[in-house]
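This briefing goes through the structure shown here by topic.

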Amino acid sequence: MNKRLFGIAALFKTPDEIIRAAKKTVEAGYQKYDVHSPYPVHGIDRAMKLKPSKLGFITLVFGLTGSALALLLMYWTMSVDYPMIIGGKPFFALPAFIPVTFEVTVLLATLATVIGMITFFFRFPENDHPLHDTEYMKKVSRDHFGVVIEASDKHFDESKVREFLSSLHPISLEEIYYSEKETYPVLEPKFVTFLVVVALVTSGVTYFSLNKLLYMQPFTWMMEQPKLNPQQPSTLFADGFGMRTPVQGTVARGFIPYPYMGQNNPTEVLQNPFLPTKENLKLGEAKYLTFCSPCHGNFGDGDSRLRGQFPNPPSLHSSRAREFSDGMIYHIITNGQNIMPSYASQITREERWAIVNYIRVLQRAKNAKSSDLQVVNKETGNNASN
Amino acid sequence: MNIDYSQEAPAIAGRLSLAEIEELVARPLDTKPDRKYFIALSISGSLLLIGAVCLAFSFYYGIGLWGNNQPVGWAVPIVNFVFWVGIGHAGTLISAILFLLRQKWRTGIARFAEAMTIFAVMCAGIFPVIHTGRPWLAGYLLPYPNQHSLWVNFTSPLLWDVFAVSTYFTVSLVFWYIGLIPDFATLRDRTTSKIKKTIYSIFSLGWRHSSRHWQHYEKAYMLLAGFATPLVLSVHTIVSFDFAVSILPGWHTTIFPPYFVAGAIFSGFAMVVTVLVFVRKIFNLENIITMDHLEKMNKVILATGMMVGYAYGMEFFIAWYSGVQAEQFVFINRAFGPYAWAYWIMVSCNVIFPQLFWFRKFRRSIPVMMVIVILVNVGMWFERFVITVTSLHRDFLPSSWAYYTPTIFDMGILLGSFGLFFTLVILFTKSLPVVSISEVKAVAEGAQPTHHGGHHE
């Protein structure tokens, strides 16, 4: 027999006996022993001289971590990353953050306590412990109480331990051995197949729901609706279009019709109604940078940022462009010119004039005369030399 | 009529031995289910199916199938949510608060009540999610990092609800599982079937009933109970914030948190009694779930019913005392307006009928208690209906006043939630020990040492 001994177990019938047995075992100087009972017996930790459980520390640390994390997250999202005033509260609205802080604290503390207890204090799962499947375990699981003195104890001596346990008048003694060959249930073919099947099913279901299911009715983000979307056909109207054009001559609110639309070289253009005030130029700059600079460059040099995806426009500093009247530039923006499209639908009338004024500024700045460097006469607003 | 109240009645009747207790509790797990079981299961399954069909229709055609209208946008779905969350409060109360108060009688009913909590919260969770109309997008309720810096609104009570209900569910589940570990070990050691043994082994994690483990285990139970107690109070407080933090007359009151918590315990206990009366009969657990237990729960129902009644009265007083016209209108409208029928159902079921529990004879009579607790369940559903619908249906603008009637789909989904709840309960009774074996053993007669100079009474 080369079975390895784990320990010797003694069974008792009443809680009083087990308390006595535990006390005696401690007195005899054994340290590697354990007491088993179907439910916690009052006073057993005293009899065994166990130190109070330190589990509470895990709870404390993780509970505080939970509060701190929750507060930090709320502070960062609500006051740093995307500050937004809600209901007139400050960005860091502590009273309104209390409920979530409390819940996260409880959640983290509970989970940490339980997981910490199971993994760290119990070292579970442990289904291959030598005590499992013994007669002894079946009894203490039901209505008996027992002591096991383990072979790894310093003072362990088989005959002495037997003698000692017998002196406590147990109902039975049992030797408990390690199982003969080590088993690795994790490597069992059945278990491995099970894992593979679970993995396949999970990934299949995930793939299906994310890539197929969400594109089916009714999960399609309200895609299918009885109403007509723009550009959709309709059998209701004779022309088959879903969209309707307004009645001839309809004018949108705030819209002033442009009389020279579609003329390539208009003989007549509008007058610039706006003065190049500071605000007007600021507006012009902003709109120029947004709408014109991708093709014309930040300073109108024609250095397009489109890397050849669209033909480079000519410079706005040519003498031709400088000699355009304001109204002509306005015409080009409104009507477009050759391959440059019309911007009438994207830029309002006022913004277009502001851009014109801003282009004038660019042209003046790029073609500065030495007289421009002279001090401006504050009273007249003109250059001192003029 | 000579009852000695100075000494506590034993938690278990009939002087059962430890082994007998185990036999009693584990018997349903060892025997094949009988016909009655399948009949019950098919009834609850049919209800569940009705709910599933109604839900499928609602998803396909949209929630326009429900009765919700302008101005009653929060209607039966929210009523059902609050109703089920409330039912879910009894379990944790019994397992945590009564544990901290060292009430030994809780051991017989704690496991069952906890299971009911979990199932009820599952039912509750369905409603806010389907109420959005697009439940498959519910993931956006959680704060997740994204390139738009788009975060959930942490100052909104509706988000607090997301955190409170999900935390409550998780903690209840963990609490329940922790209680089950020693029982799984016991079942593992007594079963002869190989498959069962494998399953029980996995769930018992290798529990060995070691005293060194029991010590940490009891500590953990204590800590968890300590956390679950404020948690259970916070959950219904936060649910009440959904209403109270708004500025709608009828909702905007400071009495809501305690009033909701009392109501939750009230309805939760009523539901626990409803189910336990059947369970103890069917599974012959009369000695473990004794008449004393039921009587104690009926006392709690009486007490919380009075608190709820007080809140009803107080709301009217404050409406009058505040001098706010809109507030006064809402309450007069509640009691005498178009929804007066709902209001008076609520008052009679919740406040008037439970008064019978003042009499010991009625507290200990199964038929009387059955009728009353079912009325309480009905009454508490109507309480939420009254709060939600009557406050909304006549808002500040008389031109938008409307009468709300739930549709057949609303009712179908409510039935479905009952189906889900009872299906889970029925499955639970046959697959897990409905009473905590180890806890009941610990309070059996002669289970604890007699003289150890110990620290217990």
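Asp239(A) and Arg244(A) join their side chains in a salt bridge, with N and O 2.6 Å apart. The model is predicted. Over all chains, the structure holds 24 salt bridges. Side chains of opposite charge can pair when their charged atoms come close.

**Around Arg244(A)**

- Arg244(A) sits in the loop between helix 7 (189-212) and helix 8 (278-296) of chain A.
- Both partners of the pair are partly exposed: Asp239(A) has a relative accessible area of 44%, and Arg244(A) has 43%.
- Apart from neighbours within four places in sequence, Arg244(A) is in contact with Phe237(A) and Asp239(A).
- A polar atom of the Arg244(A) side chain also lies 3.3 Å from the backbone oxygen of Phe241(A).
- From Arg244(A) to Arg320(A) the separation is 76 residues in sequence and 43 Å in space, C-alpha to C-alpha.

**Other salt bridges within chain A**

- Asp143(A) and Lys13(A) form a salt bridge at 3.7 Å, N to O. This pair links distant parts of the chain, 130 residues apart: Asp143(A) is in the loop between helix 5 and strand 3 (145-150), and Lys13(A) is in the loop between strand 1 (5-12) and helix 1.
- Asp143(A) counts as buried because its relative accessibility is 14%, under the 20% limit. Lys13(A), at 41%, counts as partly exposed.
- Lys366(A) and Asp301(A) form a salt bridge at 3.1 Å, N to O. This pair too links distant parts of the chain, 65 residues apart, with Lys366(A) in helix 11 (residues 349-366) and Asp301(A) in the loop between helix 8 and helix 9 (319-323) of chain A.
- Lys366(A) is partly exposed, with a relative accessible area of 44%, and Asp301(A) is partly exposed at 32%.

**Interface of chain A and chain B**

- In this interface, 75 residues of chain A are in contact with 72 residues of chain B.
- The area buried between the two chains is about 6,600 Å², and carbon and sulfur atoms give 67% of that area.
- Five salt bridges are found across the interface, along with 28 residue pairs in polar contact.
- Several elements give two or more residues to the side of chain A that touches chain B, among them helix 1 (15-27), helix 3 (55-81) and helix 4 (94-121) of chain A. Helix 4 of chain A gives the largest share, 17 residues.
- By type, the residues on that side of chain A divide into 45 nonpolar, 16 polar and 14 charged.
- Arg142(A) forms a salt bridge with Glu23(B), and their closest N and O atoms are 2.8 Å apart.
- A network of salt bridges links Arg142(A), Glu22(B), Glu23(B), Asp30(B), Arg190(B) and Lys441(B).

**Sites in chain B**

- Ser95(B) is in helix 4 (residues 89-100) of chain B, and it counts as buried because its relative accessibility is 0%.
- Not counting residues up to four places away in sequence, Ser95(B) touches Arg106(B), Ala110(B), Glu114(B) and Phe175(B).
- Helix 10 (residues 291-322) of chain B has 32 residues and reaches 46 Å from first C-alpha to last, close to the 46 Å expected at 1.5 Å a residue.
- Ile352(B) belongs to helix 12 (residues 340-352) of chain B. Ile352(B) counts as exposed because its relative accessibility is 51%, over the 50% limit.
- Ile352(B) and Val443(B) are 91 residues apart in sequence and 37 Å apart in space, C-alpha to C-alpha.

Key. Residues are numbered from 1 along each chain as its sequence is written. Chains are lettered from A and ligands numbered from 1 in the order in which they are written. This is a predicted model: local features need pLDDT of at least 70, side-chain atom pairs count only at pLDDT 80 or more; totals for chains, interfaces and linings use all residues. Side-chain values use heavy atoms; hydrogens and water are left out. Helices (H or I, at least four residues) and strands (E, at least two) are DSSP runs, numbered from the N terminus. The expected span of a helix is 1.5 Å times one less than its number of residues. Buried means under 20% relative accessible area, exposed over 50%, partly exposed in between (1.4 Å probe, protein chains only). Contact means heavy atoms within 4.5 Å. Buried area is the accessible area (1.4 Å probe) that two parts lose on being put together, summed over both. A salt bridge is a side-chain nitrogen of Lys or Arg within 4 Å of a carboxyl oxygen of Asp or Glu. A polar contact is a pair of N or O atoms within 3.5 Å; within protein, one must be able to donate a hydrogen and the other to accept it, and residues adjacent in sequence count only if both atoms are side-chain atoms. Ala, Val, Leu, Ile, Met, Phe, Trp, Tyr, Cys and Pro count as nonpolar, Asp, Glu, Lys and Arg as charged, and the others, Gly among them, as polar.
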